[in-house]
Amino acid sequence: MKLFAIDMDGTLLNEEGKISKVNAEAIRQAQQQGVQVAIATGRASYDAWTKLEEAGLVAPVIGANGATVHDTQRRQLTSTPMDRDETFEVLSWLRENDFYYEVMTDRAIYSPQYGHQLLAVEMDRLLSANPDISLNTLLHAAEKQYEQTGLIRITSYEDIPLDVEIYNVLCFSFDQAKLDRGRERYRNFGTLNMVISSDRNFEVEHKDASKGNALRYLANHLGIPMQETVAIGDSYNDISMLTMAGKGIAMGNAKDDIKAICSKVTLTNVEDGVAHALLNILKTVEAEADIVN
C-alpha cells in the first residue's frame, strides 16, 4: 500500500482532540518507508494544519469533507466550492429555522454571533427533558465547535466576503427533531451533497465534493493506483473514501454500519487505532517484500 488517507475526529485525534505521540510516530515511520500519508477531514485545511503542527507532522490535507486538497507545502491542488447564491438559500432556511451553522471558506469559518445563545437554549431544553444527560458531555460537544482555528463571528451570513470560496455549511443542534428535519431536507437536494460527521450535525456541500473523490484526485496526482490506497475512518462522511480506497479500515469506535462496509476494524481512537492499523499493514508489506526477494 502506497497511500494512507486518515480521518481526524474520532480517528486520528484522541479524546483530548490531539494526535497522540504513538499515532504521530507511526505516521512518521510510514513516511520514512516511502508511504504517502494524507489527512482526510471535515475540518478546514488551516484547522488540520494546526493539529499537524502540534504533533510535528507534515502531510497533504484533504479538507472540508473533500472540497479542498492541499499538498505538503500547503499549496491548493484543487477545490470544489459551492455556488454562492445556492449557499445563501441554504443559510436563509437555516436562519429561519434557528439553526447554529458554520460556513467554511478558503479564508475563515464564519458563524453567527447569536450562535452561542441558540445552542445554550437547546442545551437547556435537552437537560430539562433528560436530566440524566451529562452537562459536561454537552459542553464538550459545543466547545469542540468553538475551538476551531479560523472561526470568526459575524452579524449575518450576508457579511461573508464576496471574494471567498465557500466549501461547506455545517449545521449543529442539540434538538434531535430539528436536526432530523434539516437532514431530511438536504438528503437528496439535487445539486448539493449532505453528509453526517457526528450525532449532532449535518453538513452541506457541492454535490461533487467528497472524501472519496478527493482521495482519487490526490492518488492520481501522486501517480498511485486507487487499489494501492488505504482509508481509515469512523463516521458517515468517511463512507465515500472507505468504499473507494483499495482497503477500508473502520475504527473500533465506529458505528456498526460503518464497520460493515470495511474489510478491517482496528482499535478505537483512544487506543491509538490508527497506529495499530498503520504498523500492521507496514509489517505485512515488509513480509511480502521479503518473500519476493
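User: Helices (H or I, at least four residues) and strands (E, at least two) are DSSP runs, numbered from the N terminus. In which loop is T41 found?
Analyst: This is a predicted model: local features need pLDDT of at least 70, side-chain atom pairs count only at pLDDT 80 or more, and totals for chains, interfaces and linings use all residues. Residues are numbered from 1 along each chain as its sequence is written, and side-chain values use heavy atoms, with hydrogens and water left out. T41 sits in the loop between β2 (36-40) and α3 (45-54).

User: Is T41 buried or exposed?
Analyst: Buried means under 20% relative accessible area, exposed over 50%, partly exposed in between (1.4 Å probe, protein chains only). T41 has 0% relative accessibility, so T41 is buried.

User: Which residue forms a salt bridge with K211 at 3.0 Å, N to O?
Analyst: A salt bridge puts a side-chain nitrogen of Lys or Arg within 4 Å of a carboxyl oxygen of Asp or Glu. K211 is itself buried, at 0% relative accessibility. Its side chain meets that of D7.

User: How many residues apart in sequence are the parts that K211 and D7 tie together?
Analyst: K211 lies in helix α8 (residues 211-222). D7 lies in the loop between β1 (3-6) and α1 (8-12). So the parts that the pair ties together are apart in sequence by 204 residues.

User: Which residues does N269 touch, not counting residues up to four places away in sequence?
Analyst: Contact means heavy atoms within 4.5 Å. N269 is buried, with a relative accessible area of 12%. Beyond four places in sequence, N269 touches G10, T11, L13, N14, E15, M251 and N253.
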